[in-house]
Amino acid sequence: MIAGSASAHGGGRDEGSRAGLPVPEISHGEMAVIADYRGRIMDLAASAVDTNEPFRRVLNYAEIQYSYCLWGRMPGSVTDEESPFNECAHAYLAATKAVLLAMRDMPQEAVAAGEIASAVDVDMVRRGLSLVTCRFSDEGFDTADVVRPRWSEIPLHPASMASLTGFAAILAAGFFVLRRLLRIQSSE
């Protein structure tokens, strides 16, 4: 089963329409481990044969949330509760976990999904993350509600600010280099 009971009482986000499927919460500790296994989980899900609409909707939600969260590339988005990207990371990783759990009930994916789920469990215990929570750990999600980063908080979060400033500087430098190369080529 993909969706269980999920109480969406998001920290400052709109409740939305609730017209989608509920996605159960994920603890902060689970996030760190699921993030490490996300690639394997999503690869298995992409090759799943016998899917249904709820599975595809949650899988789609996981992908949409991942892109809204800048593909997990923001420093601290998974580990830092104060990151403006932490809540959206909770959303895409909660959906990823729901996808994994759903695949355990699929005939052709059950064995592989079970192996990944067992590895996740072992890794959580080994790393001592089973009981680690944060302010978003009890927040369920809904496939109809996209969780966006808290853009207004980026200037207050040094790691996010530095990352985005660095990215902007690289883009600007690339633009000027490209412009200069085009100018040189047009003058030849």
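The structure is a predicted model, in which local features need pLDDT of at least 70 and side-chain atom pairs count only at pLDDT 80 or more, while totals for chains, interfaces and linings use all residues. Residues are numbered from 1 along each chain as its sequence is written, and side-chain values use heavy atoms, with hydrogens and water left out.

The protein chain contains five helices and two strands. Helices (H or I, at least four residues) and strands (E, at least two) are DSSP runs, numbered from the N terminus. Along the sequence, these elements follow the pattern β-α-α-α-α-β-α. The chain has 188 residues, and 42% of them count as buried. A residue is called buried under 20% relative accessible area, exposed over 50%, and partly exposed in between (1.4 Å probe, protein chains only). The accessible surface of the chain is about 10100 Å², and carbon and sulfur atoms account for 58% of this area. Accessible areas come from the Shrake-Rupley method with a 1.4 Å probe, and for residues only the protein chains shown count as cover. Of the contacts between residues at least 6 apart in sequence, 79% join residues at least 24 apart. A contact means heavy atoms within 4.5 Å.

Helix α3 has 18 residues, and the distance from its first C-alpha to its last is 26 Å, close to the 26 Å expected at 1.5 Å a residue. The expected span of a helix is 1.5 Å times one less than its number of residues. In α3, 17 of the 18 residues are buried, so this helix is largely enclosed by the rest of the structure. With neighbours within four places in sequence left aside, the contacts of N86 are H28, M31, S77, V78, D80, E81, C134 and F136.

Helix α4 covers residues 110-127; at 1.5 Å a residue its 18 residues should span 26 Å, and the end C-alpha atoms are 25 Å apart, which agrees. The buried residues of α4 are A113, I116, A117, V120, D123 and M124. They cover an arc of only 125° around the axis, which puts them on the same side of α4. The arc is that of the directions from the helix axis to the C-beta atoms. An α-helix has 3.6 residues a turn, so residues three or four places apart point the same way. The other side of α4 carries the exposed residues V111, E115, V122, V125 and R126. The cover over the buried residues of α4 includes α1 (28-46) and α3 (86-103). Just after α4, G128 has a positive phi of about 65°.

Beyond α4, S137 lies in the loop between this helix and β2 (141-142). S137 counts as buried, at 9% relative accessibility. Not counting residues up to four places away in sequence, S137 touches E25, I26, S27, H28 and H90. S137 and H90 are 47 residues apart along the chain, yet their C-alpha atoms are separated by 7.8 Å.

Helix α2 contains L59, which counts as buried at 16% relative accessibility. L59 touches M42, A45 and V99, with residues up to four places away in sequence not counted. The C-alpha atoms of L59 and A45, 14 residues apart along the chain, are separated by 7.6 Å. The loop between α2 (53-68) and α3 includes L70. W71 is also in the loop between α2 and α3. L70 is not a glycine but has a positive phi of about 55°, and W71, also not a glycine, has a positive phi of about 55°. L70 is partly exposed, with a relative accessible area of 21%, and W71 is partly exposed at 47%.

An unreviewed UniProt entry places the feature "transmembrane region" at residues 159-178. UniProt positions are given in the numbering used here, feature names are shortened, and annotations may be inferred rather than shown by experiment. In the model, residues 159-178 are 100% helix and 0% strand, with the end C-alpha atoms 28 Å apart.
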